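Subject: Structure handover

Hello,

Here is the structure I promised to pass on. Please open it first, then read the notes below.

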Amino acid sequence: MATLTDIGVAATINILTAFAFFIAFAILRLQPVNDRVYFPKWYLKGLRSSPIKTGGFASKFVNLDFRSYIRFLNWMPQALRMPEPELIDHAGLDSVVYLRIYLLGLKIFFPIACIAFTVMVPVNWTNSTLDQLKNLTFSDIDKLSISNIPTGSSRFWVHLCMAYVITFWTCFVLQREYKHIASMRLQFLASEHRRPDQFTVLVRNIPPDPDESVSELVEHFFKVNHPDYYLTYQAVYNANKLSELVQKRMKLQNWLDYYQNKHSRNPSKRPLIKIGFLGCWGEEVDAIDHYIEKIEGLTRKISEEKETVMSSTKSLVPAAFVSFKKRWGAVVCSQTQQSRNPTEWLTEWAPEPRDIHWDNLALPYVQLTIRRLVIAVAFFFLTFFFMIPIAFVQTLANIEGIEKAVPFLKPLIEVKTVKSFIQGFLPGIALKIFLIVLPSILMLMSKFEGFISKSSLERRCASRYYMFQFINVFLCSIIAGTALQQLDSFLNQSATEIPKTIGVSIPMKATFFITYIMVDGWAGVAGEILRLKPLIIYHLKNFFLVKTEKDREEAMDPGTIGFNTGEPQIQLYFILGLVYAAVSPILLPFILVFFALAYVVYRHQIINVYNQEYESAAAFWPDVHRRVVIALIVSQLLLMGLLSTKKAARSTPLLFILPVLTIGFHKFCQGRYQPIFVTYPLQDAMVKDTLERMREPNLNLKTFLQNAYAHPVFKAADNLANEMVVEEPQPDKTPDLVATKRGSRRFNSGSAETFT
């Protein structure tokens, strides 16, 4: 059981660690040699040039302007200076709305913390219940919790009123935020520049036809069923082998660039290489001629393989990207059933081209259901088996358990400083370490399930991660920790007293979560801005692998927000804050520090570092809203259970109303705002189409959409060999009669049929 001294030791360690990270970041970011590590977003936008190219030799690597070191914390006000509309233009709506999750936490918990410390803490502190209980392990911090209220006390009415205040305030803030972000999304979509996904739908599970290929079938189907708005299509190919050839050619091109640059610096000497194993022995040849010859041969192979892929029906997968002349036509197609068989010709809004996960497009519809069932079972066992390390972490928070397991360490453990370190810092860092590999496992599981966009993969992974955090980190930590800490009480009291002990003990786990918040939410967030791993990897690549300026650009790793891990982690803090606000308010200041610090840090990273891989226009917000509502309901149910063990019979029934009201509130928000994040209004599509026709009457939309959804490997091959064409151009005007190779099934005639 962590005492006030243990919490103080943990706070000191984490504050010093965070401060050390900030100091190191402030110094490292000023060095010219690290400029691409800490400002990659500006390089990718072409708005920043490398300072290494200018100045003297020393100034290329070390910042010699000592005045800049005095202002080492100026990055904080700079991160807050950019207004939100400008930030949306700079980083996208997804990034801005992600930041608003931190603001949402501040809006919810700051007023609650003020009320809790004004009302709840004095009510809890001015009792002596814990002192009167025998065989119960507690600390002075626990006297600030509901555990210190005597059984059957009338003071529980204060906690009941606090539960109502928390519920109504949280719902009020959630509703306003949902409304504001829905408005931001509509405004963003209305003002957004023309993009291919606005005119395109993804068609999946195209049924096989013995008379027509997938390409012919798609064109025929949409010319018949969408004759006024169909424009063109892009077939989806299995081009894995072609991708390997393109990657190999790009590596050879980098070597050629390297040796050509080397020769340009010393024209009198041609570079030579050995063509034996690893270039260590063998015949010595001219490096430039060698790589030119290999590239020419590989370019011919790429052209041949591309022709094979494009001409072979076996390379086609039962999916296609279908584009329309107007956004209105794409809206209608994406939101309607296309066939009598609801499992065929499945249509949905096409993700933007950079958001597509190409590997999953070829998966059959039936296989998706089986895959998701398999992953559901696998996730259950993963969650179950992870309870073992979580229980181990709880033993670290229990000194008595450690001493029983390793009695020879008892003299060392009993040292005051060591004991404070173990109980105040070690459990949090141990839990953090155990969770490091989890996101990668969950992302692999999400990919196996068959989602076809990176955004849907991240949202699915975030959903799994949230469930895991709730079950293992929150519930398992409480149950396992309570059982370990109060084991002596369970063994030496009657069965009727056990529920009472549990009711008293659950609030005491606040001390464990405080240590975890400081490790993950304070030091962890500060470590994010230091970017130690990308810094080391960049310099290793720059020293050993970088041969050209292009290689140096590829060595940059700007990273992304990481919605699949960041958002579930934030939701854990919402759960902890809402659950313990009326139970043990001492947790709230630590959570507020996390939200404030994380907002500043991630705002800086979004402005200067992260390069988001896609833009979903805040499509993830309904998930955020739903999880905060779940946290609110969980807090109400747990408080209900705690009060029932405290024999607060008169106040407990009034808590039953809160979950009902909260669910009703969620249903209202779901019906009022969620459709904005799922569908696109026909009215808005028509307005945008009309304005576009007025501004650009001669717009050639077909040219704009022609290759927008070509497989990336085709685009790469086009850049390497300019003779490649992705698809044949489609006629601009849809004919009244649509020819097809399909044999007539209505008549015995063997002639081809036409449809009007």
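Let me start with one pair of side chains. Arg 100 and Glu 84 form a salt bridge, with their closest N and O atoms 3.0 Å apart. This pair links distant parts of the chain. Arg 100 sits in helix α7 (residues 93–125), and Glu 84 in helix α6 (residues 84–91). The two are 16 residues apart. Please keep in mind that this is a predicted model.

Is Arg 100 buried or exposed? Its relative accessibility is 9%, so Arg 100 counts as buried. The cut-off for buried is under 20%. Glu 84 has 27% relative accessibility, so Glu 84 counts as partly exposed.

Arg 100 has another partner. Its side chain also meets that of Glu 177 in a salt bridge, at 2.6 Å from N to O. Here too, distant parts of the chain are linked. Glu 177 lies in helix α9 (residues 156–191), Arg 100 in helix α7, and 77 residues separate them. Both Glu 177 and Arg 100 are buried.

Next, Arg 194. Which residue does Arg 194 form a salt bridge with? The partner is Glu 696, and the closest N and O atoms are 2.9 Å apart. Arg 194 has 25% relative accessibility, so Arg 194 counts as partly exposed. Glu 696, at 34%, also counts as partly exposed.

Some charged residues form a network. Salt bridges link Glu 192, Arg 195, Asp 197, Glu 352 and Arg 354. How many salt bridges are there in the whole structure? The search finds 19. As background, side chains of opposite charge can pair when their charged atoms come close.

The structure holds four cavities of 30 Å³ or more.

The largest cavity:
- Its volume is about 80 Å³.
- Its lining includes Ala 163, Ile 166 and Thr 167, as well as Leu 578, Val 579, Leu 632 and Gln 636.
- Helices α9, α27 (563–581) and α29 (621–645) each supply at least two lining residues.
- With four residues, α29 gives the most.
- By class, the lining has eight nonpolar, three polar and no charged residues.

The second largest cavity:
- It holds about 70 Å³ of space.
- Among its lining residues are Asp 94, Ser 95, Tyr 98, Ser 455, Arg 459, Phe 563 and Tyr 614.
- Both α7 and α21 (454–485) supply at least two residues of the lining.
- Here α7 gives the most, with three residues.
- By class, the lining has five nonpolar, four polar and two charged residues.

Helix α9 holds Glu 177, and α9 supplies at least two residues to the lining of the largest cavity.

The lining of the second largest cavity has two.

Best wishes

Conventions:
Residues numbered from 1 in each chain as written. Heavy atoms only, no water. Salt bridge = Lys/Arg side-chain N within 4 Å of Asp/Glu carboxyl O. Buried < 20%, exposed > 50% of the residue type's maximum accessible area, 1.4 Å probe, protein only. 1 Å grid on protein atoms, 1.4 Å probe; cavity = no way out; pocket = protein on both sides within 12 Å on 5 of 7 lines; lining within 4 Å. Points joined across faces, edges and corners; volume = space filled by probe spheres on them. Nonpolar A, V, L, I, M, F, W, Y, C, P; charged D, E, K, R; others polar.
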